[in-house]
Amino acid sequence: MATLSGITVGSYGITIQLTCVDASGTAQDVSAYTGAGTTKILYAYPPNSSDKIVSATLSFLTDGTDGNLTFAFAAGDIDRPGDWKCQVELTTASAVLKSIPFIMDVSQDIS
């Protein structure tokens with residue numbers, strides 16, 4: 001399972017980049033998921049809890065043909081350390097694309 005790391009409890013407002021790739025690691029064109037009636041969302045589920053689901057709106061880093069997406073968490077979203085389960089969901093009026101779930105390794109801050 002892929003892992004996103006480098007995030008600490010309490011972090012927010014920092015732009016994070018993801019790249020949608022296939023099983024061989026080739027970047028996937030996700031440019032069709034733009035315009036009216038489309039959504040691009042990252043869902044994050046904290047460790048050992050079902051009481052919270054965090055979501056963040058995804059944007060294209062360029063035009064989506066390179067598979068690069070960016071997002072930022074809001075204040076209070078990342079409130080506990082551990083392995084968060086995450087998934088990208090892209091939708092249009094006629095299709096839904098969900099990524100394979102991945103782990104976001106959140107470290108405890110020192111304050």
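The model is predicted, and local features need pLDDT of at least 70, side-chain atom pairs count only at pLDDT 80 or more, and totals for chains, interfaces and linings use all residues. Residues are numbered from 1 along each chain as its sequence is written, and side-chain values use heavy atoms, with hydrogens and water left out.

F71 is buried, as is F73 (buried: under 20% relative accessible area; exposed: over 50%; partly exposed: in between; 1.4 Å probe, protein chains only). Both belong to the largest nonpolar core, which has 25 residues. Such a core is a set of buried Ala, Val, Leu, Ile, Met, Phe, Trp, Tyr and Cys residues joined through side-chain atoms within 4.5 Å. L42, F71, F73 and M104 touch the most other members. At least two residues of this core come from each of β1 (3–8), β2, β3, β4, β6, β7 and β9 (102–107). Strands are DSSP runs of E with at least two residues, helices are runs of H or I with at least four, and both are numbered from the N terminus. β7 supplies the largest share of the core, four residues.

One aromatic pair is counted. The ring centres of F71 and F73 lie 5.1 Å apart and the planes stand at 80°, so the pair is edge-to-face. The rule takes rings of Phe, Tyr and Trp (its six-membered ring) with centres within 6.5 Å; planes under 30 degrees apart are stacked, over 60 edge-to-face, and the rest tilted. The charged end of K40 sits over the ring of F60, 4.6 Å from the ring centre. This requires NZ of Lys or CZ of Arg within 6 Å of the ring centre and within 35 degrees of the ring normal.

The count of salt bridges is three (a side-chain nitrogen of Lys or Arg within 4 Å of a carboxyl oxygen of Asp or Glu). One joins K52 to D79 at 2.9 Å, N to O. K52 lies in the loop between β3 (39–45) and β4 (54–57), and D79 in the loop between β6 (68–71) and β7 (82–91), so the pair ties together parts that are 27 residues apart in sequence. R80 also bridges to D79, with the closest N and O atoms 2.9 Å apart. Shared partners join K52, D79 and R80 into one network of salt bridges. K98 and E89 form a salt bridge at 3.6 Å, N to O.

K52 is buried, with a relative accessible area of 17%. D79 is partly exposed, at 36% relative accessibility. The K52 side chain also reaches the backbone oxygen of D77 at 2.9 Å. With the side chain of D79 it makes a polar contact of 2.9 Å (a pair of N or O atoms within 3.5 Å; within protein, one must be able to donate a hydrogen and the other to accept it, and residues adjacent in sequence count only if both atoms are side-chain atoms). Beyond four places in sequence, K52 touches Y45, P46, G76, D77, D79 and R80.

T26 is found in the loop between β2 (16–19) and β3. T26 is partly exposed, with a relative accessible area of 43%. Leaving aside neighbours within four places in sequence, T26 is in contact with C20 and V21. T26 and T70 are 44 residues apart in sequence and 18 Å apart in space, C-alpha to C-alpha.

Key
Contact means heavy atoms within 4.5 Å.
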